[in-house]
Amino acid sequence: MRWSQLYVPTLREDPADADAASHRLLVRAGYVRQLSAGHYSLLPLAARVRARIVAVVREEMERIGAQEFLLPALHPAELWRRTGRWESMGEEMFRLTDRKGAEQALGMTHEEVFAHLAGELRSYRQLPQVWYQFQTKFRDEARPRSGLLRVREFTMKDSYSFDLDEAGLERSFEAHRQAYLRIFERLGLPAFGVRASSGSMGGSASVEFMSPSAAGEDLVVRCPGCGYAANTEKALSALPAVADPLDGAVPEEFATPAARSIEELAQQHGVAPERQLKTLVQVVDGAPTLVLLRGDHALVEQKLLDALGASAARPATAEEITAALGASPGSLGPLGGHGLPVVADAALRGRTGLTCGANRDGFHLRGVSVERDVEVGRWADLREVVAGEPCAECGAALEVLRTIEVGHIFQLGRRYTEALDVAVSGPGGERVVPLMGSYGIGVERVLAALVEAHHDERGIRWPAAVAPFDVVLTVLPDKGGAVAEAAERLYGELGAAGVRVLLDDRAERPGVKFADAELIGVPRRLTVGARSLAAGVVELTDRADGAVREVALGAVVAELAGSAG
């Protein structure tokens, strides 16, 4: 490809609205342009990188025996109603009604459609099956941000396994886990698997693949000692024991007129946060619910949803809180005849002598013993794990990393196959409902995560496996035409040898050409100038470390053909 013919609208200044390095650089380097919030056009360079990512993913999917499909992006509402997700998916699902009045959805994911197709399976001898596709997904994100990292329209590689029994599902799940690790290694993307919540997907097991990045929106808890890793929505830790007074005191009310927060109660009345009982009012699937935590702990909403098998939760409004408990936030407690369901964090089990709100503005209760004084309907792990807490498996201090989710795999079980009447005849002629797995990789998110992991102040530094070109052949100005002639000859010879070359034949100053080559991130730059040509050499510059060396003209093709990505 000749740069003079390639559409690469590079910019000298960063876009004003870019909040992540990948967003800033992909716009500046002419890879993407925003159409509207959460919707991006991929320009030629990005399309080339995307194609290389897809090729690696496809190779690894086919390596584990997966078969490629291409399913519709527009789905009838009836399929989603049968699994219960038409209602539970909420506002993130794009819904529409066609001219005949039929309700449709733009596919967020394809469990329902693949399970519908699996209805034609008849015998256990046809299992296992692993099916996959690359298809556009749509999610009505409330706050699209960070360029390609959080969008409303994107490409996903989603695959689905159908197995006869639990052992088969485990094999399919492990095959995908290993395939994903190979994919990210081949792409040059640092990523590792962590335990995760299945959320609205359902199922018994879930692993996310996370790439460490300051631009990430997910927090991962990891142990440097034993390697334990989990999303904060699933993470556990071993809390040190807290010495409580004997369970003898009766709850006693005391005045706290100016203390309306955990911190104010600690400062004004000497009640340490770990000795306070925090009462939150959450509206869970439309019903007010009391959630209890230690005063210094934070609620993880997904843990609450998982514990209750719920689909939606939100903090109650001040009006809802007053109606339910008769007090304002800051004076709330779980004692009394409120009649609300109570969910308590497991860290409160056995705790005595605690302080909580009295459900009367300006007053608190001391001497509260949770299991004696509170009617707890459910105990669950609800709290957020923080850095420095001991690992539950080895005791080492945990670390918390900010990450980008680049892949997610689920063991779904029979949720979708049962709902859509998928069954095969078993070895004895019996009716068997297959177990299902679901496995996703966001293609454009991987592209952006690669930029987050591989860039510097001058631009992108693509790994060779995904770069849009192997080498930029930069032609410096010359008066007699010998440089241009030598560059054209090299361009033809390198292309014939399978090297993907971008010939920078533009009538631009050398400084502009060098800056643009660094900005777009091609791994190597081959510079042909009059001085080096007279010496029978060309300059080869490595984008990753800036190393420059001279290569004899006759050795260039062998040098680059052996290292092309």
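Two strands pair if DSSP finds at least two bridges between them; strands (E, at least two residues) and helices (H or I, at least four) are DSSP runs, numbered from the N terminus. This is a predicted model, in which local features need pLDDT of at least 70, side-chain atom pairs count only at pLDDT 80 or more, and totals for chains, interfaces and linings use all residues. Residues are numbered from 1 along each chain as its sequence is written, and side-chain values use heavy atoms, with hydrogens and water left out.

Strands β14 (residues 277–284) and β15 (residues 287–294) run antiparallel and are joined by 8 bridges. Within this pairing, Q282 stands opposite T289 in β15. Both strands belong to an open sheet of 5 strands with mixed pairing, in the order β16-β14-β15-β17-β20. The edges are β16 (313–315) and β20 (378–380); each has a single partner strand, so one side of each is left without a neighbour in the sheet.

The aromatic rings come next. Rings of Phe, Tyr and Trp (its six-membered ring) pair if their centres lie within 6.5 Å; planes under 30 degrees apart count as stacked, over 60 as edge-to-face and the rest as tilted. The whole structure holds 11 aromatic pairs. In one of them, the ring centres of Y31 and W462 are 5.7 Å apart and the planes are at 55 degrees, so the pair is tilted. Y31 lies in the loop between α1 (21–28) and β1 (32–36), and W462 in the loop between β26 (459–460) and β27 (471–475), so the pair ties together parts that are 431 residues apart in sequence. Separately, F69, F114, W131, Y160 and F162 form one aromatic cluster.
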